[in-house]
Amino acid sequence: MTNHVLLNNVQHKDLKVITRHGAGLGDEVMFVATFPAEFRTLQAHYPIVFRKTEDGRTFEPIVLFGFQSGENLFLKDDGWDAPEIPLMIERQPFLIGRNGDEMLVHVDLDSPRVVKSDDPRTEGEAAFLPHGGITEYLERINSILFTIHEGFQSNAGFVDALLKHELLESFVFDIELDDGSQNRLAGFYTVHEERLHALGTEAIGALHRAGYLQAIHMVLASLSQFRALIDRKNRRHAAGR
């Protein structure tokens, strides 16, 4: 369940947020959405693939953390096991709300990260200063939310370009773990490398001018991270978790 409300310094003057990563804090997810401007930093650690949007009309890029629902192989008892954490994870429990054309910061009060005044937990970063101003932490969150908003605005054009040149293809990834057990990843899409290489100079030039060509190559480079993800799965499986 979620309980999204407009953040304000009167009702939420004592609100704190747990910023560490661990079990029970909403990090147990298989993937989150991402966007081209984030690909360069994420491709060195995670596979970047595509999935159909909830309405089935188009596609969105996502960053994978595991092979099944609720599985995050980067989540450890003492935190997140990667130097770069996707912004859609970092922004929790905040999100962008709208009032007409105005963007506003909302907070999910039912998030396990939220520590309210009557909460027995004492940890957490304060959102507001005693006199009502925002803290450095909330300033950083505002910057993250703006970056996410700008990034998601670019997704439509990027995906449209991929579809125009028929560069998305579905794939099935069969995984055999060290103990012989079989796993399958299906329902996702990636860049069709052969079709990309077959594009003419005009099409390649258009992708480059739009800033999409580098993002495409970042997606392809990220696929090498599947090997590391399988290794994480093997270690988790061997530990009986």
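A nonpolar core is a set of buried Ala, Val, Leu, Ile, Met, Phe, Trp, Tyr and Cys residues joined through side-chain atoms within 4.5 Å, where buried means under 20% relative accessible area, exposed over 50% and partly exposed in between, with a 1.4 Å probe and protein chains only. The model is predicted, so that local features need pLDDT of at least 70 and side-chain atom pairs count only at pLDDT 80 or more, while totals for chains, interfaces and linings use all residues. Residues are numbered from 1 along each chain as its sequence is written, and side-chain values use heavy atoms, with hydrogens and water left out.

**Exercise 1. Describe the largest nonpolar core and the surroundings of Trp80 and Phe74.**

Step 1. The largest nonpolar core holds 66 residues, and those with the most contacts inside it are Trp80, Phe94 and Ile216. Its largest share, 10 residues, is supplied by helix 3 (residues 136–164); helices (H or I, at least four residues) and strands (E, at least two) are DSSP runs, numbered from the N terminus.

Step 2. Contact means heavy atoms within 4.5 Å. Beyond its neighbours within four places in sequence, Trp80 is in contact with residues including His21, Tyr46, Phe65, Phe74 and Ile89.

Step 3. Phe74 is found in the loop between strand 5 (59–64) and strand 6 (75–76), and it counts as buried because its relative accessible area is 2%. Not counting residues up to four places away in sequence, Phe74 touches, among others, His45, Leu64, Trp80, Leu229 and Arg236. The C-alpha atoms of Phe74 and Leu64, which are 10 residues apart along the chain, are separated by 10.0 Å.

**Exercise 2. Work out which residues of helix 5 are buried and what covers them.**

Step 1. In helix 5 (residues 201–209) the buried residues are Ala203, Gly205 and Leu207, and what covers them includes helix 3 and helix 6 (212–222).

Step 2. His165, in the loop between helix 3 and strand 12, is in contact with Leu199, Ala203 and Leu207 once its neighbours within four places in sequence are left aside. At 18% relative accessibility, His165 is therefore classed as buried.

Step 3. After helix 5 comes Gly211, whose phi is positive, near 85°.

**Exercise 3. Summarise the protein chain as a whole.**

Step 1. The secondary structure of the protein chain comes to seven helices and 13 strands, and the C-alpha trace spans about 60 × 50 × 30 Å along its principal axes.

Step 2. Of the 241 residues in the protein chain, 47% are buried. Among contacts between residues at least 6 apart in sequence, 69% join residues at least 24 apart.
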